[in-house]
Amino acid sequence: MDKRNLDILVGLFVVMGALAVAFLALKAANLASLSFDSTYRVTARFDNVGGLKIRAPVKSAGVTVGRIASITFDDKNFQGVATLEIDRHYKFPADTSAKILTTGLLGDQYVALEPGADDKDLQPYDSIKITQSAVVLENLIGQLLYSKAAEGGKRKEGGK
Amino acid sequence: MNAVADLLAALGARALRLLWSLGHASLFFWELVRFTPAALRRFDLSVVQIYAIGNLSLVIIITSGAAVGGVLGLQAYYALDRYGAAEQVGLLVALSLLRELGPVLTALLFAGRAGTSLTAEIGLMKAGEQLAAMEMMAVDPRGRVLAPRFVAGIVSVPLLSAIFSAVGVAGAKLIGIDSAAFWSQMQDGVDVFKDVGNGMVKTVVFGVATTFVALYTGYESDATPEGVAQATTRTVVISSVAVLVLDFLLTSLMFSTRP
């Protein structure tokens with residue numbers, strides 16, 4: 001095989017590899033939608049963040065409008081502080097409330113924003129005042145068992 | 001008493017041999033690295049080798065990638081569909097391919113397809129005294145023969161691995177999951193730097209390891225037909241074990257502290 005053909009074939013191989021990397025970065029990992037400047041950050045304090053994870057979606061009316069940028073612990077108020085990165089195109093009233101919900105019964109947790117009625121908009125680095133914590137399934141089950149037990153005890157007393 | 005001393009002596013000799021071969025291999029590695037800039041200056045030597053070990057490995061890499069992606073997608077679908085999470089198939093396949101299967105399987109296939117041919121070629125060159133003839137002409141065979149192959153391996157393995165993962169993802173797509181959910185779930189969960197980037201780092205490490213093992217065993221093979229045969233076998237065994245051990249170490253470094 002002459003040298004030129006060889007060079008062309010190796011060049012094709014390298015181009016194929018580069019295309020594969022581009023495909024993985026753009027199509028599988030969505031590099032194109034990674035944006036560093038088109039979001040603004042607000043914080044929300046929760047008594048319990050439950051299983052919320054970094055990069056979990058922030059949704060309003062079921063539509064994803066942003067992501068969780070970080071979750072830290074505030075050791076003054078003993079609360080979890082979630083930083084929300086919201087798409088700059090979406091404005092929310094200043095009295096918007098945030099709650100942690102779960103997709104499906106056992107799915108991943110996300111933050112739902114419910115817009116308030118304030119005339120002013122939520123500004124970057126504002127904090128969301130009204131929040132509702134994650135529902136911890138174990139606590140719910142505990143409460144259920146406790147109330148069942150109490151009910152059962154009452155019935156026993158009634159039967160006597 | 002004598003038996004115990006014999007045992008101890010055998011153990012000591014074995015330990016010393018192991019240490020010696022480790023030291024010898026690392027010296028050889030540094031020699032290769034030292035010759036790499038020269039090999040890069042004469043890149044046409046490497047291009048021939050990239051064709052031999054990269055281009056000619058494409059068929060097996062693409063076939064295996066498509067098969068692994070398709071099978072992984074199918075099995076993930078059966079399991080995830082029970083929990084109504086069939087749309088997560090794309091994410092599962094992409095993460096397994098990018099982080100583990102793509103780099104590791106590519107390196108194993110590369111060791112079998114290209115590493116063996118490197119070892120056999122160099123072993124036969126040594127057996128035919130071609131390497132000795134080069135030394136007679138004051139040409140260092142490590143610079144002229146080994147370094148271009150080393151460069152070619154380091155270039156080829158990451159490219160092959162990227163092709164493997166891309167074909168695998170496409171293969172998983174073929175099993176017929178809803179297209180929008182497949183891609184959106186994948187894009188939600190796959191991070192460019194953490195997953196794609198770390199995967200590429202792995203493939204570079206594996207490329208260095210498999211090519212180095214192939215070259216070293218070939219260069220150190222006994223100059224007999226049996227010696228070349230044993231060296232070829234050793235290439236596959238040592239590279240495979242090295243890749244699996246390195247993969248475990250790299251995975252525990254890269255992916256263990258993630259939330």
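Which residue of S4(A) is the bridge partner of A:Tyr40? The bridge partner is A:Ile86, and this pair belongs to the antiparallel pairing of strand S1 (residues 39-46) of chain A with strand S4 (residues 79-87) of chain A, which extends over eight bridges. This is a predicted model, in which local features need pLDDT of at least 70 and side-chain atom pairs count only at pLDDT 80 or more, while totals for chains, interfaces and linings use all residues. Residues are numbered from 1 along each chain as its sequence is written, and chains are lettered from A and ligands numbered from 1 in the order in which they are written.

**Chain A overall**

- The secondary structure of chain A comes to two helices and eight strands, where helices (H or I, at least four residues) and strands (E, at least two) are DSSP runs numbered from the N terminus.
- Read from the N terminus, the elements of chain A follow the order α-β-β-β-β-β-β-β-β-α.
- Chain A has a radius of gyration of 25 Å, well over the 15 Å that the globule rule gives for 160 residues, so it is more spread out than a compact globule; the radius is taken over C-alpha atoms, and the rule is 2.2 Å times the number of residues to the power 0.38.
- The C-alpha trace of chain A spans about 100 × 45 × 30 Å along its principal axes.
- Of the 160 residues of chain A, 19% count as buried, that is, with 20 or more other C-beta atoms, placed from the backbone, within 10 Å of their own.

**The sheet of chain A**

- Eight strands form an open sheet with mixed pairing, in the order S7-S1-S4-S3-S2-S6-S5-S8 (chain A); two strands pair if DSSP finds at least two bridges between them.
- The edge strands, each pairing on one side only, are strand S7 (127-128) and strand S8 (130-132) of chain A.
- S1(A) is joined to S7(A) by two bridges in the parallel sense, with A:Ile128 as the bridge partner of A:Ala44.
- Strand S2 (residues 57-60) of chain A pairs antiparallel with strand S3 (residues 63-74) of chain A over four bridges, and A:Gly66 of S3(A) is the bridge partner of A:Val58.
- S2(A) and S3(A) form a hairpin with two residues between them, and A:Ala61 in the turn has a positive phi of about 55°.
- S2(A) also pairs with strand S6 (residues 109-114) of chain A, in the parallel sense over two bridges, and here A:Lys59 has A:Ala112 as its bridge partner.
- S6(A) runs antiparallel to strand S5 (residues 97-102) of chain A, to which six bridges join it; A:Leu113 of S6(A) is the bridge partner of A:Ala98.

**Contact between chains A and B**

- The contact takes 24 residues from chain B and 21 residues from chain A, two residues being in contact if their C-beta atoms, placed from the backbone, lie within 7 Å.
- H6(B) gives the most to the side of chain B that touches chain A, with six residues.
- The axes of helix H1 (residues 3-28) of chain A and H2(B) come within 9 Å and cross at roughly 65°; axes are lines fitted to C-alpha atoms, for helices over the stretch in contact, and angles run from 0 to 180 degrees between N-to-C directions.
- This helix contact is made by A:Leu6, A:Asp7, A:Leu9, A:Val10 and A:Phe13 of H1(A) and by B:Val47, B:Val48, B:Ile50 and B:Tyr51 of H2(B).

Technical notes
A residue is buried if 20 or more other C-beta atoms lie within 10 Å of its own, exposed if 12 or fewer, and partly exposed in between; C-beta atoms are placed from the backbone.
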